[in-house]
Amino acid sequence: MRFIQEFGFTVKVGMEEAHQQWLAKNEAALAAAHPEGTRYIGTFATVFSTDKQAGNYRSFVELDSYAALDRLAAAGKDASSDFGRLSREWSGFGDYDLAAPWSQGLFKAVVDTTLWDPPI
């Protein structure tokens with residue numbers, strides 16, 4: 001199976017450049033630290049979107065199964081791992097105000113999705 005996990009977020013006001021610099025310095029290490037069955041695709045600035053409440057940034061991770069979500073959670077829980085350490089550093093740029101735009105989605109490849117036509 002193939003999934004794409006999307007996480008949209010907002011960076012704190014005044015931290016845009018520092019966030020960009022952090023990613024430039026750490027993105028390769030962050031990708032390498034992702035657990036087995038996951039692949040960090042990247043973090044992207046929103047150029048345009050019809051969704052006004054999803055945040056200005058989107059991070060994308062490819063997953064090979066639902067179990068990969070559990071591996072990501074376990075890796076994030078371990079503050080001593082590279083993934084846990086980098087995730088904690090990166091999260092310092094996020095705006096967690098309840099009014100700040102954000103989004104989260106999990107998308108499954110159509111060829112792996114169970115579909116059927118309803119009876120007519």
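The model is predicted, so local features need pLDDT of at least 70, side-chain atom pairs count only at pLDDT 80 or more, and totals for chains, interfaces and linings use all residues. Residues are numbered from 1 along each chain as its sequence is written, and side-chain values use heavy atoms, with hydrogens and water left out.

**Exercise 1. The chain as a whole**

Solution: 
- Step 1. Helices (H or I, at least four residues) and strands (E, at least two) are DSSP runs, numbered from the N terminus.
- Step 2. The chain has three helices and four strands.
- Step 3. Buried means under 20% relative accessible area, exposed over 50%, and partly exposed in between (1.4 Å probe, protein chains only).
- Step 4. A contact is a pair of heavy atoms within 4.5 Å. Among contacts with a separation of 6 or more, 72% are between residues 24 or more positions apart.
- Step 5. Taken along the principal axes, the C-alpha atoms fill a box of roughly 55 × 35 × 25 Å.

**Exercise 2. The sheet**

Task: Give the strand order of the sheet and find which strands stand at its edges.

Solution: 
- Step 1. Two strands pair if DSSP finds at least two bridges between them.
- Step 2. The four strands form an open sheet in the order E2-E3-E1-E4, with antiparallel pairing.
- Step 3. Strand E2 (38–45) and strand E4 (103–108) are the edge strands; each has a single partner strand, so one side of each lacks a neighbour in the sheet.
- Step 4. From one strand to the next, the twist averages 15 degrees.
- Step 5. Strand E1 (residues 3–9) is joined to strand E3 (residues 57–63) by seven bridges. Phe 3 has Leu 63 as its bridge partner in E3, and Phe 7 stands opposite Ser 59.
- Step 6. E2 and E3 also pair over seven bridges in the antiparallel sense; here Arg 39 has Glu 62 in E3 as its bridge partner.
- Step 7. Five of the seven residues of E3 are buried, so this strand is mostly covered.

**Exercise 3. Helices on the sheet**

Task: Find which strands helix H1 lies across and which strands helix H2 touches.

Solution: 
- Step 1. Axes are lines fitted to C-alpha atoms, for helices over the stretch in contact, and angles run from 0 to 180 degrees between N-to-C directions.
- Step 2. Helix H1 (residues 16–33) lies across E1, E2 and E3 and runs at about 160 degrees to E2.
- Step 3. Helix H2 (residues 67–77) packs on the sheet and touches E1, E2, E3 and E4. The direction of H2 makes about 120 degrees with that of E3.

**Exercise 4. Salt bridges**

Task: Count the salt bridges and say whether Glu 6 is buried or exposed.

Solution: 
- Step 1. A salt bridge is a side-chain nitrogen of Lys or Arg within 4 Å of a carboxyl oxygen of Asp or Glu. The count comes to five.
- Step 2. Glu 6 forms one with Arg 58, with the closest N and O atoms 3.5 Å apart. The pair links distant parts of the chain, with Glu 6 in strand E1 and Arg 58 in strand E3, 52 residues apart.
- Step 3. Glu 6 is buried because its relative accessible area is 8%, and Arg 58 is buried at 12%.
- Step 4. Arg 71 forms a salt bridge with Asp 64, at 3.2 Å between the closest N and O atoms. Arg 71 is partly exposed at 30% relative accessibility, and Asp 64 is partly exposed at 38%.
- Step 5. Asp 82 and Arg 85 meet in a salt bridge (3.8 Å, N to O). They are three residues apart in helix H3 (residues 82–91), so about one helical turn separates them. Salt bridges with shared partners join Asp 82, Arg 85 and Glu 89 into one network.

**Exercise 5. The surface**

Task: Find which residues make the nonpolar surface patch of about 310 Å².

Solution: 
- Step 1. Accessible areas come from the Shrake-Rupley method with a 1.4 Å probe; for residues, only the protein chains shown count as cover. The chain exposes about 8,100 Å², of which carbon and sulfur atoms supply 59%.
- Step 2. Patches are made of residues with over 30% relative accessible area and no salt bridge; like charges are joined within 9 Å, and nonpolar side chains (Val, Leu, Ile, Met, Phe, Trp, Tyr) within 5 Å.
- Step 3. Met 1, Tyr 66 and Leu 106 make the patch.
- Step 4. Tyr 66 is in the loop between E3 and H2 and is partly exposed, with a relative accessible area of 46%.
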